[in-house]
Amino acid sequence: RSTLFPYTTLFRSERWELHEAGVDVITAGDHTWDQKGFEKEIDELPRVIRPLNFSPAAPGRGSVIVNVDGKIAVGVVNLIGRVFLANHDCPFRTGEAEVMRLRKQTNIIVVDMHAEATSEKIALGRFLDGKVSAVIGTHTHVATADEQILPHGTAYMSDAGMCGPHDSVLGREVEAVVRRFLTQMPQKMEVATGDVALCGVIVDVDESSGVARSIERVRLPYDGGNSED
């Protein structure tokens, strides 16, 4: 089973901890360059990818193929939307071209569509239906309830949700965010700590055809590391 970890700007040590915990690929989004110096090290991290439709002059790569269990090749493509975000290259055209290139090596391809607008995510899912195994949206931090298998066999969900503290406003302490809305003044928004949970999806894919059999939305609470599982 391949594990993807979406939407992250983590320090080097934390990225290696995720890989050691079983995360095969780390995808990114609009905060890719927030950590100072990350642009200098991303090329040294073969399993960390940034949106493919960033400028071709930007460092890093937008897709990767990883071997799961040493035998199953899985392609991962990272895209970013344009609606309410920066004016990146077209995710539809660049995404389709990259998918066609990866399909020469594997039929199992997962696309992370990091976008604000649900319509843009759904449109990309429909556009790539039958060409990839899954299109999973990220960015809004809130898991959607529209997980489905599209007509031509692609698993789809508009947003996989957030891995982090859910007793919060999108991961930040509630009080500071509320003050920001009430006063319109800058606030120091610390990361919250309550109700930590991992959200995402589990997709069952036919290994030979790449067609998705099922998709399941999951929310797993963190018990402080006391679980034996």
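This is a predicted model: local features need pLDDT of at least 70, side-chain atom pairs count only at pLDDT 80 or more; totals for chains, interfaces and linings use all residues.
**View 1. Helix α3 packs against helix α4.** Here residues 91-102 make up α3 and residues 118-127 make up α4, with the two axes 11 Å apart and at an angle of about 35°. The crossing of these helices is right-handed. On the α3 side, look for P91, F92 and E96; they meet E120, A123, L124 and F127 of α4. Sorted by class, this contact has five nonpolar and two charged residues, and no polar ones.

**View 2. W33 and F54 make a tilted aromatic pair.** It's one of three aromatic pairs that turn up in a search of the whole structure. The ring centres of W33 and F54 are 6.1 Å apart, with 40° between the planes. This pair links distant parts of the chain, 21 residues apart: W33 is in the loop between β2 and α2, while F54 is in the loop between α2 and β3. W33 is partly exposed at 32% relative accessible area, whereas F54, at 9%, counts as buried.

**View 3. F92 and F127 pair edge-to-face.** Their planes sit at 65°, which is over 60 degrees, so the pair counts as edge-to-face. The ring centres of F92 and F127 are 5.5 Å apart. Another link between distant parts of the chain, this pair joins F92 in helix α3 to F127 in helix α4, 35 residues apart. F92 is partly exposed, at 21% relative accessibility, and F127 is partly exposed at 30%.

Note on methods
Residues are numbered from 1 along each chain as its sequence is written. Side-chain values use heavy atoms; hydrogens and water are left out. Axes are lines fitted to C-alpha atoms, for helices over the stretch in contact, and angles run from 0 to 180 degrees between N-to-C directions. Helices (H or I, at least four residues) and strands (E, at least two) are DSSP runs, numbered from the N terminus. A crossing is left-handed if the near helix is turned anticlockwise from the far one by less than a right angle, and right-handed if clockwise. Contact means heavy atoms within 4.5 Å. Ala, Val, Leu, Ile, Met, Phe, Trp, Tyr, Cys and Pro count as nonpolar, Asp, Glu, Lys and Arg as charged, and the others, Gly among them, as polar. Rings of Phe, Tyr and Trp (its six-membered ring) pair if their centres lie within 6.5 Å; planes under 30 degrees apart count as stacked, over 60 as edge-to-face and the rest as tilted. Buried means under 20% relative accessible area, exposed over 50%, partly exposed in between (1.4 Å probe, protein chains only).
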